[in-house]
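I opened this entry to keep track of what I looked up, one place at a time. The notes follow the order in which I went through the model.

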Amino acid sequence: MVHQQRSAARLSPSSDTEDIVTALAPRLSYFAGVARTEHVTRAAQEMQVPQSTLSRAMVRLEQDLGVDLFARRGRTVSLTPAGRTFLASVERALAEIERAAEEVRADADPATGKVAFGFLHTMGAETVPGLLHAFRADHPRVRFTLVQNYGEAMIERLRSGELDLCLTSPVPDAPDLVARRLDEQKLRLVVPADHRLATRRRVRLAEAAEEIFVTLEPGYGLRRITDDLCQQAGFRPRIAFEGEEAETLRGLVAAGLGVALLPPPAVPRPGVAELTVTSPRAAREIGVAWLDGHPDTPPVAAFKRFLLARKGNLLP
């Protein structure tokens, strides 16, 4: 049977895709139900909708497409070739919608849901594993998507919805974010083991004014803090190397390529000496941030409460 083109189509081939989807989407499950049963009355009973509603929906669907999808024999129907072609795509689309619905429901489940959590590279070796271990003692099946990045990049991922929460430094101050200070981490002046200052335990940062520095790249919070502290000490650092990861910088220091202001390492690094900076006060604040007004799923809310309860006791 060759299908007919309907002369009174509601949507022309030039219609915007968005308009077509808006018009067709509400009727796709009805179409699949009728196609599956090949009987309007039986399909209406299975889907618990009035038969008249279902019949009108199918007529309107064919009108919108401008194509006959069914050959009708009373209440019994059979698919036309166009109907079979359309059904294959409709079933794939409906299956994808069902899969997406199951995924978002699973992510929001209080016991087994998912948290998208971002944190600084310097917190990945020790701090974050310890936090997750402690949290999962009471929430053993909550899942995590973990993202390590520098502060500005994580803030952008918060805004785009890719992250639920992030640990960052400095603590952001922006009208679209909520941020809470959780802890403070002292920074050390790291010098090569054979450096003139290596036998010292304490140092004023001004004593390193003539040194070559290795630092993180611009845009990293620790780079901004380094620049600010050096300015407070009365000098602008001469920078030889810029990197993306604190332990790489520590390795450059060990190789004699410069000095650096860094947080304490998870494991002591040979070849360097780490000095307490007495002036100016060298520390960075660590805080948690999230998007203001963004609704939390139960697992996200539970992890947020857990982090806020660690205030003053976040770092190992």
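**A buried arginine**

I began with Arg-284, which counts as buried because its relative accessibility is 3%, where buried means under 20% relative accessible area, exposed over 50% and partly exposed in between, with a 1.4 Å probe and protein chains only. I note that this is a predicted model, in which local features need pLDDT of at least 70 and side-chain atom pairs count only at pLDDT 80 or more, while totals for chains, interfaces and linings use all residues. Residues are numbered from 1 along each chain as its sequence is written, and side-chain values use heavy atoms, with hydrogens and water left out.

I located Arg-284 in strand E13, residues 283-291; helices (H or I, at least four residues) and strands (E, at least two) are DSSP runs numbered from the N terminus. Leaving aside residues up to four places away in sequence, I listed what Arg-284 touches, and the list includes Leu-120, Ser-169, Asp-183, Glu-184 and Pro-263, a contact being heavy atoms within 4.5 Å. I also checked Ala-266, which lies 18 residues from Arg-284 in sequence and 17 Å from it in space, C-alpha to C-alpha.

**Two cis bonds**

Ser-169, one of the residues that Arg-284 touches, is joined to Pro-170 by a cis peptide bond with omega of about -5°. I found Pro-170 in the loop between strand E5 (165-168) and strand E6 (177-186). Another cis bond runs from Ser-279 to Pro-280, with omega near -10°, and Pro-280 sits in the loop between strand E12 (272-279) and E13.

Next I asked at what angle the axes of H2 and H3 cross. For helix H2 (residues 28-37) and helix H3 (residues 40-47) I noted a crossing at roughly 125°, with the axes coming within 8 Å; axes are lines fitted to C-alpha atoms, for helices over the stretch in contact, and angles run from 0 to 180 degrees between N-to-C directions. That angle makes H2 oblique to H3, since under 35 degrees counts as roughly parallel, over 145 as roughly antiparallel, 65 to 115 as roughly perpendicular and the rest as oblique. Among the residues that make the contact are Tyr-30, Val-34 and Arg-36 of H2 and Val-40, Arg-42 and Glu-46 of H3.

H2 also packs against helix H4 (residues 51-65), at an angle of about 105° and with the axes 10 Å apart, and H2 and H4 are therefore roughly perpendicular to each other. I wrote down Tyr-30, Phe-31 and Val-34 of H2, which meet Thr-53, Leu-54, Ala-57, Met-58 and Leu-61 of H4.

In the loop between H2 and H3 I found Glu-38, which has a positive phi of about 55° although it is not a glycine. Glu-38 is partly exposed, with a relative accessible area of 39%. Gln-48, in the loop between H3 and H4, has a positive phi near 55° and is likewise a residue other than glycine; with a relative accessible area of 74%, Gln-48 is exposed.

**The chain as a whole**

Last, I noted that the protein chain has 10 helices and 13 strands, and that buried residues make up 43% of its 316 residues. Its C-alpha trace spans about 95 × 45 × 35 Å along the principal axes.
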